[in-house]
Amino acid sequence: MNKWKIPWTPILFLLPSVVVFFIFKYYLLFKAVYISLFNYDIMTPPGKFVGFGNYFEFLSSHTFWVAMKNTFIFFGLSVLLVFWVPIVQALFLSHMKRLNGLYLVLYQIPNVLPLVAGALLWKWMYNPDRGLFNYLLGKLGLGPYGFLNDLRMTKLAIVLPGFFASGGIGVLLYYAAIKSISSELFEAAKIDGCGPWRRMLMMILPNISFVIIIQFVGFMSGVLLSFDTIFVMTQGGPADASLVVALMIQKTAFEQSRFGVSAALSFFMFLLIAVLTVIQFRLQREDE
């Protein structure tokens, strides 16, 4: 009889967060799917039913494929320049005997700075006339460079701030995972003659792989849906060189008032990230 007893206490504690999560996550998701099936009119909602017409419209748009290409280029650059930085920071901190607690705190301080404020600061430093970078390059007889106005440099210039601002909670998670590895394993590896590089590749990284995978999934979704920094720095320019899907969603909805197409784009990105996440977890299971 006791096995059918309902645990009301944890249910009551979890209920508020579940209700809020359902309202602000699942309801909005279902609403976006609903809107995506209409030529949505905010004056007389929901407007004319078009079925999958909105999906076919953006899939046949050249601008959409430019935005998709840019989105995945940003993702590739971010993986190369940003994702691995907290792992390296945590590895160094785990080998420090003193002041590692202080450095852990210092790595969290940049998170206090709002993302938009940081983007504005970097935009000023990139300014071709009054920016810090061109001022310093001018002292060397170089420049000026239009970092955000040059088709060849725009993407790198947008991703580069992430290299210097990376850290935050990721460092704490990696550091905690590394510290959870048994010290006996390290002692045995040293006795067997394993050097630092081999210990890192054969012991540390495999033992924290579960944290790396979870962080990578969150990192992937964050980059594929990146908006704030790009909107502040370039608003998709020059010549759509930094136009990404998230920015296209905003422009389609609030500049062109095509809410149905914008909702269809949003749901498409949700499905894309969901599929990539499932693939990532399945590959991880196969490796295990």
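This is a predicted model: local features need pLDDT of at least 70, side-chain atom pairs count only at pLDDT 80 or more; totals for chains, interfaces and linings use all residues.
1. Residues are numbered from 1 along each chain as its sequence is written, and side-chain values use heavy atoms, with hydrogens and water left out.

2. Where does Phe 22 sit relative to Tyr 26 in helix α1? They are 4 residues apart in α1 (residues 8-35), so about one helical turn separates them; helices here are DSSP runs of H or I with at least four residues, numbered from the N terminus. Phe 22 is partly exposed at 46%, and Tyr 26 is partly exposed too, at 40%.

3. Now the partner of Tyr 34: its ring and that of Phe 38 have centres 4.9 Å apart and planes at 55°, so this pair is tilted. For reference, rings of Phe, Tyr and Trp (its six-membered ring) pair if their centres lie within 6.5 Å, with planes under 30 degrees apart called stacked, over 60 edge-to-face and the rest tilted. Phe 38 is buried, at 11% relative accessibility.

4. By that ring rule, the count comes to 25 aromatic pairs. One of them, Phe 22 with Tyr 26, is tilted, at 6.3 Å centre to centre and 35° between the planes. Ring pairs also tie Trp 84, Trp 122, Tyr 126, Phe 133, Tyr 145, Phe 147, Phe 163 and Phe 164 into a cluster.

5. Beyond its neighbours within four places in sequence, Ile 208 contacts Tyr 174, Ala 177, Ile 178 and Ile 181, contact meaning heavy atoms within 4.5 Å.

6. Is Ile 169 buried or exposed? Ile 169, found in helix α9 (residues 169-179), is exposed at 54%. Leaving out residues up to four places away in sequence, Ile 169 touches Gln 108 and Asn 111.

7. Last, helix α4 (residues 85-94) is mostly covered, with 8 of its 10 residues buried. Among the buried ones are Pro 86, Gln 89 and Ser 94. Their cover includes α3, α5, α8, α9, α11 and α12.

Methods
Helices (H or I, at least four residues) and strands (E, at least two) are DSSP runs, numbered from the N terminus. Buried means under 20% relative accessible area, exposed over 50%, partly exposed in between (1.4 Å probe, protein chains only).
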